[in-house]
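Let me put the model up and then talk you through a few spots in it.

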Amino acid sequence: MYRHFIIIFIILFSIQTRAQLIDTVCVGAIRNYKVQGDSASVFNWQVTGGNIISNPLKDSIIVKWGNTGGVFQISVIETNIFGCTGDTVFAKVLVKQDIPIAINGNNEICAGDTVVLTALNTTTYQWNNGVNNQAIEVHPLTNTQYRLIGNTSCRTDTAYHNIAVNPKPQANFEYSPEFPSQGENVNLIYTGTAVINYQWFDNQNNLFSNQINPVYLIQESLQTTINLQVYNQFGCIGSISKTIINNGNINIWIPNSFSPNGDGLNDIFKAASASEIKDFQLYIYNRWGQLVFESKNINIGWDGKYLGKEAPQAVYNYFISYCSDNITKSKKQKSGQINLLR
């Protein structure tokens, strides 16, 4: 309930040219205002920002202030029983706008995260978790509602704040082969919970793919750590790291046939590798065991000629040796057959 207060204006003998602030109220408040005068007189009251809810012709009135804040004016003029009119008396009233208390903070978090809630528009703080500070740090495990009771400039108010707790994705992946060679592609296969974004990082924290199941080329290092970060539809992050062990071998690719017919397609027989090859040697023999070609540079292959002439279409044997990596310097060998097609 609103209390009624009596404010008395003293009528001066000269006109009031400067109104004084005589009351401070909250919006919607009810006040009683009175001036000194002859009770037999008639009084003409004027009020801005509020409504007179009593007889406006008496020496006192009751005013119900509106819902708009500001400084508003009250004026009154007295007319006595002889019809004589006195000076107008002016006064000002400050009507304070009542601003509800509020809570500022995130309404959604990811499981395990914390959020800071801050009380607004209040001078006292009574949180439902027992804390009496303006700001509190909370880490709810499930969807939670927080309550704040505080005092505005006009009243005691209550505010509520709901926080939704979203799940974090469980990141995981498998890879094959289990022990790859240097220069070999490794298939990375995502096996975690459903997500909408994938970020794959290498040893140097370089982002190399945003695909769900990318391919990674094993470099010279004997160990490669793959870091994966994933994001679900709530923007929550999951992460995992796995280390892939290089088996120490260099992966080298050797074709099984070539056709040196000058069409620009598969005209040269040569080995290839995504890694740097050391101490490379290539030997090619015909079916009688004659050496028809040799190279010590992996980038230089056989063009299908022997002693300056085109070698016949046939099956040839090759022998390759090379250094397996730059760390152990172990020697590796490969041999097989190649089809020369005419």
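This is a predicted model: local features need pLDDT of at least 70, side-chain atom pairs count only at pLDDT 80 or more; totals for chains, interfaces and linings use all residues.

Residues are numbered from 1 along each chain as its sequence is written, and side-chain values use heavy atoms, with hydrogens and water left out.

So, how many disulfides does a search of the whole structure find? Two, and by disulfide I mean a pair of cysteine sulfur atoms within 2.5 Å.

One of them links Cys-26 and Cys-154, with 1.8 Å between the sulfur atoms. The S-S bond has -100° about it, and this link is left-handed. Now look at where the two ends sit: Cys-26 is in strand β2 (residues 20-26), and Cys-154 is in the loop between β14 (144-151) and β15 (156-166), so the bond ties together parts that are 128 residues apart in sequence. When I say strand, that's a DSSP run of E, at least two residues, numbered from the N terminus. Is Cys-26 buried or exposed? Buried, at 17% relative accessible area, whereas Cys-154 is partly exposed at 26%. The cut-offs there are under 20% for buried, over 50% for exposed and partly exposed in between, with a 1.4 Å probe and protein chains only.

The other disulfide joins Cys-110 to Cys-236, S to S 2.1 Å. Its torsion about the S-S bond is about -95°, so this disulfide is left-handed. Here Cys-110 belongs to strand β10 (residues 108-110) and Cys-236 to the loop between β21 (223-231) and β22 (237-245), so parts 126 residues apart in sequence get tied together. Cys-110 is buried, with 12% relative accessible area, and Cys-236 is buried too, at 0%.

If you number the bonded cysteines in sequence order, the pairing comes out as 1-3, 2-4. And while we're on cysteines, Cys-84 is partly exposed, at 45% relative accessible area.

Okay, on to the sheet. Which order do its four strands come in? β10-β15-β14-β12, as an open sheet with mixed pairing. Pairing here takes at least two DSSP bridges between two strands. β10 and β12 (126-127) are the edge strands, each pairing on one side only.

Leaving out residues up to four places away in sequence, Gln-145 touches Asn-128, Tyr-160, His-161 and Asn-162, a contact being heavy atoms within 4.5 Å. Its C-alpha is 5.6 Å from that of His-161, 16 residues apart along the chain. With Asn-162, Gln-145 makes a side chain to side chain polar contact at 3.1 Å. Polar contact means a pair of N or O atoms within 3.5 Å; within protein, one must be able to donate a hydrogen and the other to accept it, and residues adjacent in sequence count only if both atoms are side-chain atoms.

Last stop: Arg-31, in strand β3 (residues 30-35). Arg-31 counts as buried, at 13% relative accessibility, and its side chain makes a polar contact with the side chain of Asp-23 at 3.4 Å.

That's my tour, thanks.
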